[in-house]
Amino acid sequence: MSFRFPNEFLWGGATAANQIEGAYRADCKGLSTSDVQPFGSFGELIGRQEGDFNIKDTAIDFYHRYPEDIALFKELGFTCFRLSIAWSRIFPKGDELLPNELGLAYYDNIFDELEKYDIIPVVTLSHYEMPLHLADQYKGWRSRSLIEFFERYARVVFTRYGHRVKHWLTFNEINITLHEPFTGSGVPRDSTPQQLYQAIHHQLVASAKAVKACHDLSPDSKIGNMMLGAIQYPLTSHPDDIFEAMQQNREWLFFGDVQSRGYYPSYMMRKFKQLGVTLEISAEDSESLKETIDFISFSYYMTGCVSSHKKTHILDEKMLKMGSNPYLKTTEWGWQIDPKGLRIVLNLLYERYQKPLFVVENGLGAVDILNGNGEIEDDYRIDYLNDHLYQVGEALQDGVEVMGYTCWGPIDLVSASTAQMSKRYGFIYVDRDDKGLGSLNRKRKKSFYWYQGIIESKGELLTAPSE
Ligand code: BGP
């Protein structure tokens with residue numbers, strides 16, 4: 001690509017605490033909602049028994065191996081690294097008044113290590129987990145009390161780390177509650193639309209309060225939201241299909257609308273009426289919502305097709321129920337691959353919000369097989385990432401303000417949706433299988449050297465996607 005990404009563009013990778021750290025009871029950590037989901041975010045929930053197996057209990061043992069992993073990120077040339085703080089390490093039950101010092105000290109060490117290498121931390125406050133006690137005792141975000149608990153947690157971490165962490169995200173994929181309520185908000189899966197939207201409202205208020213706390217306590221920090229940016233295309237040019245696609249995209253854009261404008265969009269009022277949902281929104285809530293985010297962040301993996309006339313083939317019933325597109329291929333897990341869609345989403349979000357954008361997740365989950373020399377030649381991953389990053393470059397040239405790109409899982413980690421180790425995203429291979437067997441040793445894949453070159457050349461080594 002003849003174009004060079006801007007000097008200040010952030011290059012890195014993204015992770016979540018429950019998918020990498022392990023050490024699920026270390027240093028007084030409380031159980032989290034992820035700890036009772038051994039089969040992944042769409043799987044059955046279990047009660048914890050002594051000695052039972054959840055692959056995330058150890059995950060890739062980042063909790064202890066972070067110095068080696070962060071050194072590898074430096075070798076890759078990362079200028080930033082996205083991680084999440086496990087809320088249950090800081091407030092093991094979630095409703096305590098005082099934080100757990102051991103949990104706070106752990107993240108001090110991580111930030112020290114990143115600082116050593118000049119890697120900028122991008123920190124998510126809540127990534128698909130919360131203290132389990134809050135789900136058990138309060139029905140998760142259905143309870144208004146969680147706003148206060150979350151604000152307390154946010155204030156503690158901004159106070160502790162605000163002088164060194166300047167990039168924050170509130171809730172990972174905040175729109176996921178509409179697809180997987182327990183993962184998104186710790187609420188029972190059989191919650192009614194009324195209960196779900198009230199839980200979402202509490203989260204939106206809590207997010208705005210965290211934004212306010214961040215602005216107060218660390219004025220030179222930037223704080224953004226995080227949405228699952230899976231866009232739907234109309235299957236045909238029939239106006240009904242165009243409108244249907246618009247409505248479906250509003251299901252996730254609604255979150256960005258509230259978080260960046262500070263009030264509910266009118267189309268949601270009509271939707272609530274149709275669903276028979278009456279939200280309890282206090283005057284104080286409306287005031288809180290006015291504190292809006294500094295930038296928009298999102299994950300991007302796939303697109304889908306919708307029609308109000310024709311039945312579309314649904315690619316993965318458990319997941320987002322994306323309809324198939326005859327022009328696109330899918331991954332081994334049925335996720336539709338659409339690099340151009342990333343340019344479309346970037347343009348759409350920039351036109352809608354006029355705020356800087358951050359692509360904080362994108363990547364290919366694939367099975368990697370070691371060749372005869374014990375190496376991993378993951379050309380499929382290189383192709384996928386090349387084609388997507390190329391479109392980020394195109395969007396930058398379209399004039400879209402993109403702050404950075406953190407590909408998902410720069411080091412192999414446990415899959416969120418299926419809890420598999422074999423669904424690998426990394427540039428760094430981790431020797432561990434789905435049963436938890438393996439040495440946990442790390443190994444550089446072919447894509448490691450490719451990404452290193454892309455970062456070093458500021459994108460110049462990206463090649464035009466083959467048609
Ligand atoms: C996003 C989540 C991540 C991550 C990613 C890939 O939705 O924010 O936590 O896991 O998807 O999904 P999976 O791990 O299921 O392949």
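**Figure 1. Arg164 and its salt bridge with Glu115.** Arg164 is buried, at 15% relative accessibility (buried means under 20% relative accessible area, exposed over 50%, and partly exposed in between, with a 1.4 Å probe and protein chains only). The structure is a predicted model, in which local features need pLDDT of at least 70 and side-chain atom pairs count only at pLDDT 80 or more, whereas totals for chains, interfaces and linings use all residues. Residues are numbered from 1 along each chain as its sequence is written, and side-chain values use heavy atoms, with hydrogens and water left out. The side chain of Arg164 meets that of Glu115 in a salt bridge of 3.2 Å, N to O (a salt bridge is a side-chain nitrogen of Lys or Arg within 4 Å of a carboxyl oxygen of Asp or Glu). Arg164 lies in the loop between helix H6 (145-161) and strand E4 (167-171), and Glu115 in helix H4 (residues 101-116), so the pair ties together parts that are 49 residues apart in sequence. Helices (H or I, at least four residues) and strands (E, at least two) are DSSP runs, numbered from the N terminus. Glu115 is partly exposed, with a relative accessible area of 45%.

**Figure 2. The salt bridge between Asp220 and Lys166.** The closest N and O atoms of this pair are 3.0 Å apart. Because Asp220 lies in the loop between helix H8 (193-217) and strand E5 (222-224) and Lys166 in the loop between H6 and E4, the pair ties together parts that are 54 residues apart in sequence. Asp220 counts as exposed at 52% relative accessibility, while Lys166 counts as partly exposed at 22%.

**Figure 3. A salt-bridge network.** In the whole structure, a search finds 36 salt bridges.

**Figure 4. Arg82 with its partners Glu361 and Thr124.** Arg82 forms a salt bridge with Glu361, and their closest N and O atoms are 3.0 Å apart. This pair links distant parts of the chain, with Glu361 in strand E10 (residues 357-361) and Arg82 in strand E2 (residues 80-84), 279 residues apart. Both residues count as buried, Glu361 at 4% relative accessibility and Arg82 at 0%. The side chains of Arg82 and Thr124 are joined by a polar contact of 3.1 Å (a pair of N or O atoms within 3.5 Å; within protein, one must be able to donate a hydrogen and the other to accept it, and residues adjacent in sequence count only if both atoms are side-chain atoms). Thr124 lies in strand E3 (residues 120-126) and is buried, with a relative accessible area of 0%.
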